Amino acid sequence: MDIDVGPVDPSVLYEQELHVSSAVWEAQERGLLRCQEHTSLLHQWKLTDEQTKLVDKAGFGLFRRIGPMTLNNSLISALVERWRRETNTFHLPLGETTITLDEVSLVLGLQIDGDPVVGPKVGDEAAMDMCGRLLGKLPSAANKEVNCSRVKLNWLKRTFSECPEDASSDVVKCHTRAYLLYLIGSTIFATTDGDKVSVKYLPLFEDFDRAGRYAWGAAALACLYRALGNASLKSQSNICGCLTLLQCWSYFHLDIGRPEKSEASFPLALLWKGKGSRSKTDLSEYRRELDDLDPTKICWCPYERYENMIPPHVKAKLSLGRSKTTLVCFEKIELHFPDRCLRQFGKRQPIPQKVKRRDRKNRRLDDLDTSMTAACEEWAERGDHIVDSSGGGNVVDDGAYMEWYARISITKLNREAFLENQVMNMIACLREFEEAASGISMERLSPVEREVMESVKDTFSSSLTFGGWQEVAVNSSYGKRRRRNEQTPTMNNGGGGSDLSSLLLQKNT
């Protein structure tokens with residue numbers, strides 16, 4: 001039997017047929033995503049005191065403290081299945097949630113206020129000129145150290161990881177630029193290319209003071225949003241971007257696969273330093289845990305307890321987490337929708353405004369330039385678009401919000417669990433029909449009509465008493481799932497029969 005996984009109202013999740021969840025429902029498992037973040041060798045860079053000061057000036061002093069993080073590929077893969085690029089949010093059973101700008105600042109220690117990270121496209125010849133001028137050395141095309149304006153991370157580490165003690169000021173700056181290029185290429189701007197980083201970022205580090213005025217955190221979030229959106233498509237098998245941010249975000253908000261914390265420190269990613277796990281739990285189990293997520297397993301506002309650890313200059317910008325704005329990183333333009341996740345700011349969640357469909361095909365270069373100009377203008381006005389308690393949406397109670405959310409979203413990805421839920425919904429509907437039929441007066445009906453009505457009542461009654469499910473469906477407009485520790489209802493005739501849900505599941509799997 002073909003089952004429409006949803007959503008009932010496709011006006012929000014209009015790309016469902018491209019999404020990985022549609023493949024999961026067809027039992028076309030793609031397996032674990034290959035996580036492209038390359039932090040394992042960061043500790044091999046030896047920075048001098050002078051270099052450390054330059055890194056601080058450039059805005060990466062706090063971020064560089066995080067270093068290598070062990071990634072939980074199964075957890076990341078399960079989270080990606082919940083990400084929807086139409087809204088740039090995770091769609092969980094309890095509602096939407098997302099990674100917001102303030103969390104980038106808290107978890108990574110990167111600046112979220114400042115100039116957008118943009119620049120011109122860089123060709124091969126210009127890339128070599130930049131390397132010669134800003135690094136003082138050229139990668140070898142013959143040795144495959146450079147390709148299409150991208151240099152190998154391994155070449156950067158091999159060539160610049162240790163600055164000579166007697167180095168001149170210019171050499172120190174070259175080595176520091178190489179380190180920063182390696183740092184962003186292996187973390188916040190990691191790509192599915194794996195071990196390469198684009199030279200286009202190098203001019204941003206020509207002046208270290210100027211580099212410190214960029215909103216690196218906003219650019220990192222734009223790249224992660226884009227990476228999550230791409231990885232959520234059923235045709236993809238890799239994910240890149242700052243996966244350390246994604247994993248730490250999950251540890252803070254969801255009690256799923258969460259390890260024990262380390263000693264509190266800032267940036268807050270250090271709480272989970274070295275605490276990842278690669279294979280303790282498989283993807284299907286994480287998928288089931290997310291399906292069964294209840295209010296005790298989610299923390300909407302996890303950072304309040306660390307308020308005393310947050311540096312004043314970070315705390316002063318946290319309100320930008322509620323900015324409904326556009327995030328930019330070179331050609332990547334992504335929308336930031338805190339109005340869809342106001343519970344993360346301790347506020348009641350209204351029904352959000354409608355999402356505008358994005359045309360992701362046939363983007364001509366001049367169209368991209370126009371979009372980039374508009375995006376940068378919107379970013380410049382980020383402080384003017386801080387959402388309030390309503391976020392511009394329709395203020396309703398929690399029940400009305402969840403009723404709306406159930407129509408526009410998909411909250412179950414585990415096929416068996418969803419089928420059982422559908423059975424419960426069907427039983428609840430039958431119960432409502434039975435109650436309606438019972439309320440019809442028989443006095444004015446003809447004998448033939450009365451006979452038909454009695455037959456209808458008997459049909460509803462026999463359907464609902466099959467397997468003893470009538471007690472389960474009562475008083476619930478959506479039905480009620482039997483708890484796992486409850487005894488399975490048996491046939492009324494005392495036989496050893498199965499419950500209705502199990503019978504239907506066996507029939508349709």
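**View 1. Helices and strands of the protein chain.** In this predicted model, the protein chain contains 18 helices together with ten strands. Of its 509 residues, 50% are buried, and the chain exposes about 24200 Å², of which carbon and sulfur atoms supply 47%. When contacts between residues at least 6 apart in sequence are considered, 79% of them join residues at least 24 apart.

**View 2. The open sheet of S5, S6 and S7.** Three strands, in the order S5-S6-S7, make up an open sheet with antiparallel pairing. Strand S5 (146-147) and strand S7 (196-198) stand at the edges with a single partner strand each, so one side of each has no neighbour in the sheet. Strand S6 (residues 150-152) runs antiparallel to S7 and is joined to S7 by three bridges, and within this part of the sheet Arg150 is placed opposite Ser198 of S7.

**View 3. Helix H6 against the sheet.** Helix H6, which spans residues 153-160, lies across both S6 and S7, and its direction makes an angle of about 60° with S6.

**View 4. The hairpin of S9 and S10.** Strand S9 (residues 325-329) pairs with S10 in the antiparallel sense over five bridges, and Leu327 is found opposite Glu334 in S10. The two strands, S9 and S10, form a hairpin with two residues between them, and in the turn Phe330 has a positive phi of about 50°. Strand S10 (residues 332-336) is largely enclosed by the rest of the structure, because four of its five residues are buried.

Terms used
Residues are numbered from 1 along each chain as its sequence is written. This is a predicted model: local features need pLDDT of at least 70, side-chain atom pairs count only at pLDDT 80 or more; totals for chains, interfaces and linings use all residues. Side-chain values use heavy atoms; hydrogens and water are left out. Buried means under 20% relative accessible area, exposed over 50%, partly exposed in between (1.4 Å probe, protein chains only). Contact means heavy atoms within 4.5 Å. Accessible areas come from the Shrake-Rupley method with a 1.4 Å probe; for residues, only the protein chains shown count as cover. Two strands pair if DSSP finds at least two bridges between them. Axes are lines fitted to C-alpha atoms, for helices over the stretch in contact, and angles run from 0 to 180 degrees between N-to-C directions.
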